[in-house]
Amino acid sequence: MNAELKALDQLKDNFLSNVSHELKTPMISVMGYMGILLKEKVGTLNEQQKTFLETSYKNLLKLSKNIDDLLDLAELGIKKKTFTAEPVDLSKVIEFSCSTIKPLAKEHQIHVEAQFPPSRSLFWVWRIS
């Protein structure tokens, strides 16, 4: 039974390593090329192109963080992690989400606008450290 558990644990470790490599390696490459485009090293961009690339780049950063968080969660059984609560300005999260979907919405003649009450509230989220 102990040997079987060790084999399963090794299988899990191999899977996590593969997931990390297969997801993050191409993503880092794409981010590098986006950085080159955003720095206009291969030609001038118009404002709409810059906005689209910046939004895509931010989404890739978020995806990278989500992958890291997923891998961290998978490792919780092995390494001791602490959870801490920290405030997050939800209006910024909503504004970012709206900026992400605006180009697609515009293509379909949909207007996206975020409106907030005068007193913006902070919400608490849990972070792994």
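# Helix packing and salt bridges in a predicted chain

Leu8 belongs to helix α1, which covers residues 2-38; helices here are DSSP runs of H or I with at least four residues, strands are runs of E with at least two, and both are numbered from the N terminus. The structure is a predicted model, in which local features need pLDDT of at least 70 and side-chain atom pairs count only at pLDDT 80 or more, while totals for chains, interfaces and linings use all residues. Residues are numbered from 1 along each chain as its sequence is written, and side-chain values use heavy atoms, with hydrogens and water left out.

## Overall architecture

The protein chain contains three helices and two strands. Read from the N terminus, these elements follow the order α-α-β-α-β. Of the 129 residues in the protein chain, 16% are buried; buried means under 20% relative accessible area, exposed means over 50%, and partly exposed lies in between (1.4 Å probe, protein chains only). Among the contacts in the protein chain with a separation of 6 or more, 74% are between residues 24 or more positions apart, a contact being heavy atoms within 4.5 Å.

Accessible areas come from the Shrake-Rupley method with a 1.4 Å probe, and for residues only the protein chains shown count as cover.

Together with Met1, Leu5 and Leu11, Leu8 makes a nonpolar surface patch of about 470 Å². Patches consist of residues with over 30% relative accessible area and no salt bridge, in which like charges are joined within 9 Å and nonpolar side chains (Val, Leu, Ile, Met, Phe, Trp, Tyr) within 5 Å.

## The largest nonpolar core

The largest nonpolar core holds nine residues in all: Leu16, Met27, Met31, Met34, Leu45, Leu53, Leu60, Ile67 and Leu71. Helices α1 and α2 (47-74) are the elements that give two or more residues to this core. Such a core is a set of buried Ala, Val, Leu, Ile, Met, Phe, Trp, Tyr and Cys residues joined through side-chain atoms within 4.5 Å.

Leu71 is a residue of helix α2 and is buried, because its relative accessible area is 14%. When neighbours within four places in sequence are set aside, the contacts of Leu71 are with Leu16 and Ser20. Between Leu71 and Leu16 the separation is 55 residues in sequence, but 6.8 Å in space from C-alpha to C-alpha.

## Salt bridges

How many salt bridges does the model contain? The count comes to three, where a salt bridge is a side-chain nitrogen of Lys or Arg within 4 Å of a carboxyl oxygen of Asp or Glu.

| Pair | N to O distance |
|---|---|
| Asp68 and Lys24 | 2.7 Å |
| Lys50 and Glu40 | 3.4 Å |
| Lys50 and Glu47 | 3.9 Å |

Asp68 forms a salt bridge with Lys24. Asp68 sits in helix α2 and Lys24 in helix α1, so this pair ties together parts that are 44 residues apart in sequence.

Lys50 forms a salt bridge with Glu40. Since Lys50 lies in helix α2 and Glu40 in the loop between α1 and α2, the pair ties together parts that are ten residues apart in sequence. Lys50 is partly exposed, with a relative accessible area of 23%, and Glu40 is partly exposed, with 28%.

Lys50 also meets Glu47 in a salt bridge. Both of these residues lie in helix α2, three residues apart, about one turn of the helix. Glu47 is exposed, with a relative accessible area of 56%. Through shared partners, salt bridges join Glu40, Glu47 and Lys50 into one network.

Thr100 is located in helix α3, residues 90-107, and counts as partly exposed, at 27% relative accessibility. What does Thr100 contact, leaving aside its neighbours within four places in sequence? Its contacts are Thr55 and Asn59. The side chains of Thr100 and Asn59 are joined by a polar contact of 3.5 Å. A polar contact is a pair of N or O atoms within 3.5 Å; within protein, one must be able to donate a hydrogen and the other to accept it, and residues adjacent in sequence count only if both atoms are side-chain atoms. Thr100 and Lys58 are 42 residues apart along the chain, with their C-alpha atoms separated by 9.1 Å.
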